[in-house]
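Good morning, everyone, and thank you for making the time. I would like to go through one structure with you, beginning with the chain as a whole and then turning to a single residue.

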Amino acid sequence: MQKNVFVINTLNTHYVMGVNDDGVLQHIHWGAKMPVDEYSVFNEWEHNSNHSELDYTKEEYSVFGGTRYRAAALKCIYADGCRDSVFTFKSVTRDEGLLEITLTDSEYDVDLVLSYAYGSDHDIITRSVTVVNNGNAAITLERVFSAELNLPSRSPYKVINTNGSWGAEFLTESNELNNGTVVYESKKGIAGHTHSPFVIMHRDATEDWGDVFFAALGYGGNFKIEVNRDFCNTTRCMLGISDFDFSYTLGAGEKFTAPKVYMGYTCGFTAMSNMMNDFAVDNILPKGYAKKHLPVLYNSWEATEFDVNTRDQLALARIAADIGCELFVMDDGWFGKRNNDRAGLGDWYVNTDKFPNGLGELIDGVNSLGMDFGLWFEPEMVQQDSDLYRARPEWTYHYDSRTPSLLRHQLVLNLTRDDVREYVFDCMDSMLSKYNIRYIKWDMNRPFSEIGTDNLENGKELWYRHTMAVYDIADRLHKKYPYLQLEACASGGGRAELGAMEHFDMVWTSDNTDPLDRLYIQRGYSMLYPRKCMRAWVTDAGGSCRCSDDFRFNTSMQGSLSIGSHLLKKDKKTLQGYKEYIARYKSVRDTIQFGDLYRLANYDCDGVFITQYVSKDKSQSVLFISTAPTSLFNKQDKEFVLKGLDPNADYECRYNDNTYRHSGRFLMNKWHKVTIGGALQSRIVVLNRV
């Protein structure tokens, strides 16, 4: 290997960098493995006065300064006002599974430490960057992205992200980037419902074929992803904290570490999704429940809304336990003077009008039925009609000269303050220490506004500091109560991303529980996020009122099954059906939550959704088939082949009241016909290895 060429060796790929004659760290290769001795640095040159050598150089991490005229990953202001940075190679350290390269701006004694964590059993590289101020004066970071990616300079790439909204999260869209820049961003204080903090770049890839480059940001605050294709046909991508209203003051002797980026290269989308799913379970999710299946949950919100009391909740709990639920969650309405959505947020004490004797009677009753108990909180919020706001109005983000905007009649608490952060922790800690609460649904129902922070010298730090405060509280709760499960909810999927998943055990993917819409939402979610973390409810709500219980359950079984229906309104026959669905889910739950996923067909291309899960030991496969809402399109038969089975084993299944037995090789090579019986039909086929 040549001097100053650094090779990261993963299961199937090489990621290669090198230092040129000017001390600039270049990107050399990302993709299939090649002989390591053949990698070398190529020194570019100034082609003419308008195109410097830096225009042609693929820098591993570009900074603002010199003759760079493109977006930079780092932009800062030094104490003397200089905004020009010059970072060159200083040193490299390599430990098992970790490569760190340090660049330095020697004039101001500031280091950039580029960190790459990797393993030999997967192809995911975890990147981050740390800015270290060794000087004797503060610097201001105006932009500090976590990673810059350089793709091979070939034909244009198609870029996949989401273009969703509340109730329509994870709707993926693909755009071919011929030239210029495409930006995906959140400016609301959380990742939000529109764009997602991930990017997938490919050139006509399919589920099974084609180069796929992808990256996901482990951060749920304001984020930004920029993908650019320049006049040299070079495609670059940068991911990190959004520079919208952001800066960070780094004092003498201080350091700042940007959020993690998880990046990889695979052949096809299926390999990408399964690799990221497994990596998240092994390396990202909180350890307490990462490798345990999540329980079947019942949430009482749609049955009772704010009208909660011990009698009615126990009546629901008895039915929930009988049909097989393992966790009972009481949602909004149990605290303060909370009778509607206009009052009470911030007052996290039990409403004694609804629960005169506290929650003990209810929790004991739920536990006696064999279920754990969970509770809803919205800890980042407060309402003007609350004891907390009347006592501490200064605890919100605000400007004295501005009238606060009320979204859902709420204001956002200033979690950058130590006293506010301790109050939020103490409220949940008090309930957890008093009652046997095993689960918290942490909600967050509005973005930030009027972002005044009297406590911060640099108010533009608030977006980052607030996000870190949420993570800190979640980590403290997990540490003190190791049995506690935390769900991240933000009006649905506003926090369904890897940043939250490092601190929360599961996410609420969307407030939209319509089973037809959820097939699209769940498909987009499954591209890069772990299936076991995806809470999926069966409810009475949703625009697709013609959907049968078969369709509703078969949709929700493709994640972590949860029930939100008004069980008191269900007849015995319906409840018996619920019981059978839940028992069936439990028999395949491990395959769904921990197995491999294959997206065999979808409505847009095939007029039918077909999704297959295969257990890691290939002993079981579960096939979900759901038809479109129109029967006219579905009069034709559909054909598909199975994937991921053991070719040398036999599998047995029942379909249309007949038992079939075939080899895995046959099932994966013979096209199988399914006859569509009409609109909004759904089936599950379970194949077990003989």
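Let me start with the surface: the protein chain exposes about 26600 Å², and carbon and sulfur atoms supply 47% of that area. Please keep in mind throughout that what you are looking at is a predicted model.

As for the secondary structure, the protein chain has 14 helices and 37 strands. Its radius of gyration is 27 Å, close to the 26 Å that the globule rule gives for 690 residues, so the chain is as compact as a globular protein of that length. Along the principal axes, the C-alpha atoms fill a box of roughly 80 × 70 × 45 Å. Of the 690 residues, 61% count as buried, and, among contacts with a separation of 6 or more, 68% are between residues 24 or more positions apart. On the charges, there are 74 positive and 93 negative ones, and their mean positions are 6 Å apart.

Is Thr104 buried or exposed? Its relative accessibility is 13%, and because that is under the 20% cut-off, Thr104 counts as buried.

Its side chain has two polar partners to point out: the side chain of Asp111, with which it makes a polar contact at 2.7 Å, and the backbone oxygen of Val110, which lies 3.3 Å from a polar atom of the Thr104 side chain. Leaving aside neighbours within four places in sequence, Thr104 is in contact with Val86, Phe87, Thr88 and Lys90, as well as with Val110 and Asp111.

Definitions and conventions:
Residues are numbered from 1 along each chain as its sequence is written. Side-chain values use heavy atoms; hydrogens and water are left out. Helices (H or I, at least four residues) and strands (E, at least two) are DSSP runs, numbered from the N terminus. The radius of gyration is taken over C-alpha atoms; the globule rule is 2.2 Å times the number of residues to the power 0.38. Buried means under 20% relative accessible area, exposed over 50%, partly exposed in between (1.4 Å probe, protein chains only). Contact means heavy atoms within 4.5 Å. Accessible areas come from the Shrake-Rupley method with a 1.4 Å probe; for residues, only the protein chains shown count as cover. Lys and Arg count as positive and Asp and Glu as negative; His and the chain ends are not counted. The place of a charge is taken as NZ of Lys, CZ of Arg, CG of Asp or CD of Glu. A polar contact is a pair of N or O atoms within 3.5 Å; within protein, one must be able to donate a hydrogen and the other to accept it, and residues adjacent in sequence count only if both atoms are side-chain atoms.
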